[in-house]
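Please look at the structure first and then read the points below.

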There are 2 protein chains.
Amino acid sequence: MRTAVILAGGWGERLWPLSTRERPKQLLDVDGGGTLVSRTVRRVEPLLDLERGLVLTGESLRATILPELSPIPEGRVIGEPAGRNTAPAIALAAHVLSRENPDSVMVVLPADHLIGDAASFRETLEIAIGAAEKHDALVTLGIRPTRPETEYGYIRAGEAAAPDVRRVDSFVEKPDAETAALYLADGSYLWNSGMFIWRAERILRETAKYLPDVSDALDLVTGEPGGDEFRSSIAEYYDSVPSVSIDYGVMEKADDVVVVPATFDWDDVGAWSALERVWEQDSMGNATEGDVLLVDSRNNVVCSDGNVVAVLGMTDVVVVSTGQGTLVCPKDRARDVREVVAELRLRHERRRS
Amino acid sequence: MRTAVILAGGWGERLWPLSTRERPKQLLDVDGGGTLVSRTVRRVEPLLDLERGLVLTGESLRATILPELSPIPEGRVIGEPAGRNTAPAIALAAHVLSRENPDSVMVVLPADHLIGDAASFRETLEIAIGAAEKHDALVTLGIRPTRPETEYGYIRAGEAAAPDVRRVDSFVEKPDAETAALYLADGSYLWNSGMFIWRAERILRETAKYLPDVSDALDLVTGEPGGDEFRSSIAEYYDSVPSVSIDYGVMEKADDVVVVPATFDWDDVGAWSALERVWEQDSMGNATEGDVLLVDSRNNVVCSDGNVVAVLGMTDVVVVSTGQGTLVCPKDRARDVREVVAELRLRHERRRS
C-alpha cells in the first residue's frame with residue numbers, strides 16, 4: 001500500500017503579511033494555479049492510495065485547509081495540538097500506517113512547495129517508491145540545482161545504488177554564496193527537497209534507534225484517526241515528544257540513505273525572494289502581483305492584495321501590502337521576516353497581558 | 001477693514017497617500033493639534049475681521065472643508081470651478097473685497113502650513129499690516145532659515161524700509177544644497193512663506209499692470225459671494241484667466257515689495273520629508289506615526305493609518321500605508337511623489353475611457 005503523508009503544519013511566517021495564521025502559506029495561490037496544498041494532493045492522486053493518506057497540520061488550521069484535501073478523508077487529517085517539527089509528525093504517521101498495513105510505503109510531502117511538471121515529478125516518485133519497496137531504503141528526492149541558491153540545504157550524492165538512485169554521502173547546511181557556486185559547479189550536490197519515501201516500518205525502526213523518546217511516546221497513541229480516543233491520545237504524545245526535524249534527528253545519522261536526483265522545477269517558496277522567480281517580471285526586473293505602480297524602480301518584489309502599492313526610485317527591495325499589514329525590506333533581508341513576525345507576536349502577547 | 005483670504009485649493013498631492021482628493025492636506029492633523037486649515041483660521045481670528053474673510057478652494061473640496069472654516073461665513077467660501085494657481089484667486093478676492101470696502105487690507109494665507117507660535121505670528125502680521133496700510137506696500141513674510149533647506153524658495157532682503165521691514169532685493173528659486181548653505185550663512189536670505197499682506201486696491205492695480213488678462217476677466221464677475229449670479233459669473237472668469245502664480249505673475253516684477261522677517265516656527269509640510277521634522281523620532285532617527293514596527297532600520301519616515309507597517313533593514317526611506325494605498329520611496333525622492341500621483345491619474349482616466 002502506497003500513500004501520502006502530507007506535512008501541513010506551520011503557516012509560512014517568512015511570507016508575512018501575505019501568509020498569516022488565518023491564511024497560511026499552503027493556502028496561498030502564488031501563481032494562479034490553485035492553492036499549494038490542493039496541488040500537492042492532486043499531484044500524487046494518480047499514483048497513491050489517498051483514501052489511506054494522512055495529513056498533519058496545526059489543530060487551529062485544520063478546519064481551514066480541510067476543503068483543499070479531497071480525496072483524503074476528513075478523519076485522516078490530524079490536527080497537531082502543538083508544533084514539534086517533522087520527526088514526531090512523521091513517526092506518528094508511520095505508526096498509524098504500519099498498524100493498518102505492515103507493508104505501507106509512505107511518501108512524505110511538504111504541503112507548501114511549488115512543483116512545475118507533475119508528470120516528471122511522478123516519474124521520479126515511482127523510482128523512489130521502487131527503491132523503498134525493493135531495498136527497504138530511506139529515500140529522499142534531491143533536486144538538481146539550477147542556480148547557486150543559498151536558501152536551501154544540499155545533499156551530496158555519492159555512488160550509484162541502483163539505476164537513477166545514488167547513495168547520500170552527506171547532508172549539507174545552507175551554504176554561503178561562494179560555497180553555493182562551488183556546489184553548483186561540482187555537479188554532485190542536490191537541493192534537499194524535504195520529500196521522503198520509505199516503508200512505514202523502516203522509519204519506525206530508525207526512529208527507535210535515533211529518537212527513542214519519540215519512539216517510546218508512540219505507545220501513548222491509541223484509537224483510530226478521526227476518533228476521540230486518538231485525538232486525546234495524541235495530545236499526550238505531543239506533550240511528551242521533543243521538537244526535532246527528521247533531517248537532523250534521523251536522516252543525517254542513518255545508514256543506507258539514498259537520493260533520487262530529480263530535474264522537475266521545484267521551489268519551496270520559502271521567502272519573499274522566491275516570488276521573484278514565480279511572478280512575471282517587467283523589463284526593469286520587477287516581479288509584481290496585484291495593483292502595483294512602479295516609477296524609476298528596478299529589481300523589486302512588490303505585491304498588493306488590495307489598494308495600490310506605489311514604489312518610487314527603489315531597487316532590490318520587497319514591498320508587500322495586504323489586509324494584514326505592510327512589509328518593506330531589502331531583498332537580501334527577506335529571510336529575516338521571521339524577526340518581524342516574532343516582534344509582532346511579542347506585541348500581541350503584551351497587549352493581551 | 002482687515003481680513004483674511006485663505007487659499008485652500010489643491011489637495012497636497014506630494015503627501016499622497018495620506019492626503020487624497022477626498023482628504024486634502026489642509027484637512028490633515030499632522031501633529032495632533034487640529035486640521036491645518038482650522039488652525040489657519042483660528043490663528044488670525046483675534047486679529048482680523050473674519051466675518052468678511054474669503055476662502056478659495058476647489059469646488060469639489062468646498063463641502064468637505066466648510067465645517068473647518070468657522071467663523072468665516074459659508075457664503076464667503078468660494079468654490080473654484082478650476083485650478084488657476086494663486087494669481088487669479090487672489091485677484092478675485094481683491095476684487096470682491098475692494099468693492100465691499102475700498103480700504104480693505106487682505107492677509108493672504110495658504111491653508112496648509114504649520115506655524116508654531118501663533119502669538120509671534122500675529123505680532124509679525126501686525127507689522128506687515130501696518131506697512132500695507134501706512135505705505136500701501138506689497139508685503140510678504142519671510143521666515144529666517146534655520147537649516148539649508150532646498151525645498152523652499154528664498155527672498156533676498158535688502159535695506160530697511162521701516163522698523164522690522166526690509167525691501168525685497170529679489171525672489172530666488174529653490175536652491176541646490178550648496179547654494180542653500182550659502183544662503184543660510186549669508187543671513188540676508190529668508191524663506192518665501194507664500195503669505196502676503198496688502199490693500200486689495202493695490203494688488204488690483206498690480207494685477208492690471210502685470211496680468212492684464214486676469215484683470216480684464218474680473219469684469220465678468222458680478223453678484224455677491226454666496227449667490228448664484230456670482231457662482232455662474234466666476235465660472236466664466238476661471239474659464240478666461242491663465243494659470244499663473246502671484247509670485248511669478250506679480251511679486252517678482254513689482255516695485256516696492258517689502259518683506260517682514262519672521263522668526264516663528266514655520267513649515268509648509270510640502271512633502272514627506274517634512275514629516276520627519278513634525279513627528280517624534282526614535283533613538284534611531286525614525287519619525288513614525290500610527291502602528292509601525294521597525295527592525296534594524298534608521299532615519300526613516302513611516303506612517304500607517306490602519307494595519308501595522310513593518311520596516312526591516314531599511315535606511316532613509318519613506319513608507320506610508322493608508323486606506324488609499326501604499327507608498328515607498330527614498331526620502332530624497334519624496335518631492336517626486338507627484339510623478340506617482342500623475343501616473344495614478346492617467347490610469348484612472350484610462351480605466352474610465
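In chain A, helix α3 (residues 86-100) packs against helix α6 (residues 200-210) at an angle of about 130°, and their axes are 9 Å apart. That angle makes α3(A) oblique to α6(A). The model is a predicted one. The points below take the helix pair in each chain, then the relation between the chains, their contact, and the sheet.

**Helix pair in chain A**
- The crossing of α3(A) and α6(A) is left-handed.
- On the α3(A) side, the contact uses A:Ile90, A:Ala91, A:Ala94, A:His95, A:Leu97 and A:Ser98.

**Helix pair in chain B**
- Helix α3 (residues 86-100) of chain B and helix α6 (residues 200-210) of chain B cross at roughly 130°, and their axes come within 9 Å.
- α3(B) and α6(B) are therefore oblique to each other.
- Their crossing, that of α3(B) and α6(B), is left-handed.
- From α3(B), the contact takes B:Ile90, B:Ala91, B:Ala94, B:His95, B:Leu97 and B:Ser98.
- From α6(B), the contact takes B:Ala200, B:Glu201, B:Ile203, B:Leu204 and B:Thr207.
- The residues of the contact of α3(B) with α6(B) comprise seven nonpolar, three polar and one charged.

**Relation between the chains**
- Chain B is superposed on chain A by a rotation of 179° with 0.0 Å of shift along its axis, at an RMSD of 0.1 Å.
- The two copies are thus related as by a two-fold rotation axis.
- The same surface serves both copies, since 100% of the contact residues of chain B recur in chain A.

**Contact between the chains**
- Contact between the chains involves 26 residues of chain B and 26 residues of chain A.
- On the side of chain B that touches chain A, at least two residues each come from β13 (292-295), β15 (308-312), β16 (317-322), β17 (325-330) and α11 (337-352) of chain B.
- β17(B) gives the largest share of that side of chain B, six residues.
- By class, the side of chain B that touches chain A holds 16 nonpolar, six polar and four charged residues.
- Strand β17 (residues 325-330) of chain A pairs with β15(B) in the parallel sense, over four bridges.
- Within β15(B), B:Val308 is the residue opposite A:Gly325.

**Sheet with strands from both chains**
- Six strands form an open sheet with mixed pairing, in the order β12(A)-β14(A)-β16(A)-β17(A)-β15(B)-β13(B).
- Its edge strands, each pairing on one side only, are β12 (287-289) of chain A and β13 of chain B.
- On average, neighbouring strands of this sheet are turned by 5° against each other, direction ignored.
- Helix α11 (residues 337-352) of chain A packs on the sheet and touches β17 of chain A together with β13 and β15 of chain B.
- The direction of α11 of chain A makes about 135° with that of β13(B).

Notes
Residues are numbered from 1 along each chain as its sequence is written. Chains are lettered from A and ligands numbered from 1 in the order in which they are written. This is a predicted model: local features need pLDDT of at least 70, side-chain atom pairs count only at pLDDT 80 or more; totals for chains, interfaces and linings use all residues. Copies are superposed by least squares on the C-alpha atoms of residues with pLDDT of at least 70 in both. Two residues are in contact if their C-beta atoms, placed from the backbone, lie within 7 Å. Ala, Val, Leu, Ile, Met, Phe, Trp, Tyr, Cys and Pro count as nonpolar, Asp, Glu, Lys and Arg as charged, and the others, Gly among them, as polar. Two strands pair if DSSP finds at least two bridges between them. Axes are lines fitted to C-alpha atoms, for helices over the stretch in contact, and angles run from 0 to 180 degrees between N-to-C directions. Angles under 35 degrees count as roughly parallel, over 145 as roughly antiparallel, 65 to 115 as roughly perpendicular and the rest as oblique. A crossing is left-handed if the near helix is turned anticlockwise from the far one by less than a right angle, and right-handed if clockwise.
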